[in-house]
Amino acid sequence: PALALDLEDSVSGVSLIAVVIHAKSMRGGREATSKVRKQQFAKLVNALKKDFPGRFILIAGDFNCLLGEMDDTS
């Protein structure tokens, strides 16, 4: 599960959705766990597109992958 917060700056009125995630750890090996994270990220993106269409979304958290070395987030 991911935690999503609907935020709005009270001065500027700018709003965004902030999402915090903790993806599958690398315990079990890079190759096996990479597949799980790729599925997690795909489900997250699909859910956010459906629930918050056209909104600015910031995703942060523990991705548990090596950006540029693995295709988890592509």
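## Basis of the model

Two strands pair if DSSP finds at least two bridges between them. Helices (H or I, at least four residues) and strands (E, at least two) are themselves DSSP runs, numbered from the N terminus. The structure is a predicted model, in which local features need pLDDT of at least 70 and side-chain atom pairs count only at pLDDT 80 or more, while totals for chains, interfaces and linings use all residues. Residues are numbered from 1 along each chain as its sequence is written, and side-chain values use heavy atoms, with hydrogens and water left out.

## The sheet

In this model, 3 strands form an open sheet of mixed pairing, in the order S1-S2-S3. Strand S1 (3–8) and S3 are the edge strands, each pairing on one side only. On average, neighbouring strands are turned by 20 degrees against each other, direction ignored. For such angles, axes are lines fitted to C-alpha atoms, for helices over the stretch in contact, and values run from 0 to 180 degrees between N-to-C directions.

S2 and strand S3 (residues 57–62) are paired in the parallel sense over 6 bridges. The chain passes from S2 through H1 to S3 in a right-handed β-α-β crossover; this term applies if, with the strands pointing away from the viewer, the path from the first strand over the helix to the second runs clockwise. Within the pairing of these strands, Val19 has Ile59 in S3 as its bridge partner, and Ala18 stands opposite Leu58 in S3. Helix H1 packs on the sheet, touching S2 and S3, and its direction makes about 160 degrees with that of S2.

## The nonpolar core

A nonpolar core is a set of buried Ala, Val, Leu, Ile, Met, Phe, Trp, Tyr and Cys residues joined through side-chain atoms within 4.5 Å. Buried means under 20% relative accessible area, exposed over 50%, and partly exposed in between (1.4 Å probe, protein chains only). The largest such core has 7 residues, namely Ile17, Val19, Ile21, Ala23, Phe41, Leu44 and Leu48. Strand S2 (15–22) and helix H1 (30–51) are the elements that give two or more residues to this core.

Contact means heavy atoms within 4.5 Å. Leaving aside residues up to four places away in sequence, Ile17 touches Ala4, Leu5, Asp6, Phe52, Arg55, Phe56, Ile57 and Leu58.

## Salt bridges

A salt bridge is a side-chain nitrogen of Lys or Arg within 4 Å of a carboxyl oxygen of Asp or Glu. By this rule, the model has 3 salt bridges. One of them joins the side chains of Arg55 and Asp6 at 2.9 Å, N to O. Because Arg55 lies in the loop between H1 and S3 and Asp6 in strand S1, the pair ties together parts that are 49 residues apart in sequence. Arg55 is partly exposed at 31% relative accessibility, whereas Asp6 is exposed at 54%.

Asp72 forms a salt bridge with Arg37, with 2.6 Å between the closest N and O atoms. This pair links distant parts of the chain, 35 residues apart: Asp72 is in the segment after S3 and Arg37 in helix H1. Asp72 is buried, with a relative accessible area of 1%, and Arg37 is buried at 0%. Lys50 forms a salt bridge with Asp51, the closest N and O atoms being 3.6 Å apart. Lys50 is exposed at 65%, while Asp51 is partly exposed at 46%.
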